[in-house]
Amino acid sequence: MEITSRSLASTQPAQIASDTAVQPGTSSGFPAPAQLAPHPRILRVLPQFVRRNFSSRASQLSGGKAIVLSIPKSGRTWIRTFLCAYFCKLHNHEFTLQPERYSEPGIPRLVFSHDLFEHRTKGNLWDRVRGKYLVPKRELGRAKIILLVRDPRDCFVSLYVQMTRRDPSAPAKFKRETLSNLLRDKRFGISGIIRTMNDWLHEFAGLNSFMIIRYEALRASPAEHYRELLAVLGETTPDLSIFQEALEFSQFENMQKLEAAGAFDSKILLPGDVRDPESFKVRRGKVGGYREYLSIEDQGYALNALRELDVQFGYNA
């Protein structure tokens, strides 16, 4: 998972990883804010907007102990399921993905948002003017900002499958375009994902509470890194038996079974077609699975696009 604070003055310059996933135990090496040296190309894509939210949705994106930001299909449902399972069990409550309904002081309020990505791809003009999908600026100094990241190629493919196989309200563009064409789309394709990741990284560079979670490392060693995540949320000595139960509950295979049975109390965790595994919200979560969907030519295009991604993420070739 690699949770990393960008405020640590003792960190070393970032390591540039190969095309393979970043492995757990390796330092991502974020420099201190004063040392930050943006990748030259990133200067062209810094966010040109004022972070604000004048919509009624602002309250839903406020008041969290931590705010988890991510590109869609980066693994946030998995993290959310684990955390809800752990804290609900710890306080003797039935599992729910909406534990705030219990008003239990010991269960931290967590805000999950796609923030900039939805602002640019989901909202209409009026939504963007109001900042409907943006976490309000005032929250950035109050809560921990946790950026969940995943290889943009896997994110793109998984998002494409979700939009075409399970989401009837998906933009018409997803329905009309081939995977290859959409890969090259400036808003919905891999360049849009990369732009958003870069913008988040540089917007939050100076915040002491800004942290990174890498999906690939979490998949490689979930027990180790979920303990680290709980510590960030104040649970420094977790109950080991409950911790193990939450780990088993949030395994992909179990989550798929629960989704098929309609056991989750959320409409976001319902398959489009229980007979079609590709229509599940919890689909595969495979690291490097994009290779099974993208042609050799498309893989080359995506690899070249990664050159625009800030090297500090560790996904560049």
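Lys73 is buried in this predicted model, since its relative accessible area is 13% and the cut-off for buried is under 20%. This residue sits in the loop that joins strand S2 (66-70) to helix H1 (76-90). Its backbone has a positive phi of about 70°, although Lys73 is not a glycine. Most residues other than glycine have a negative phi.

Ser103 also has a positive phi without being a glycine, with a value near 50°. Ser103 belongs to the loop between H1 and strand S3 (110-113). Is Ser103 buried or exposed? Ser103 counts as exposed, because its relative accessibility is 64% and exposed means over 50%.

The table sets out the two residues.

| Residue | Phi | Relative accessible area |
|---|---|---|
| Lys73 | about 70° | 13% |
| Ser103 | near 50° | 64% |

Helix H9 covers residues 222-232. Which residues of H9 are buried? They are His225, Tyr226, Leu229, Leu230 and Val232. Seen down the axis of H9, these buried residues fall within an arc of 155°, so they line one face of the helix. In an α-helix there are 3.6 residues a turn, so residues three or four places apart point the same way.

The buried residues of H9 have several packing partners. Among the helices, they pack against H1, helix H8 (215-220) and helix H10 (240-249). The strands that they pack against are S4 (144-149) and S5 (210-214). After H9 comes Gly234, which has a positive phi near 100°.

Note on methods:
Residues are numbered from 1 along each chain as its sequence is written. This is a predicted model: local features need pLDDT of at least 70, side-chain atom pairs count only at pLDDT 80 or more; totals for chains, interfaces and linings use all residues. Side-chain values use heavy atoms; hydrogens and water are left out. Helices (H or I, at least four residues) and strands (E, at least two) are DSSP runs, numbered from the N terminus. Buried means under 20% relative accessible area, exposed over 50%, partly exposed in between (1.4 Å probe, protein chains only). The arc is that of the directions from the helix axis to the C-beta atoms. Contact means heavy atoms within 4.5 Å.
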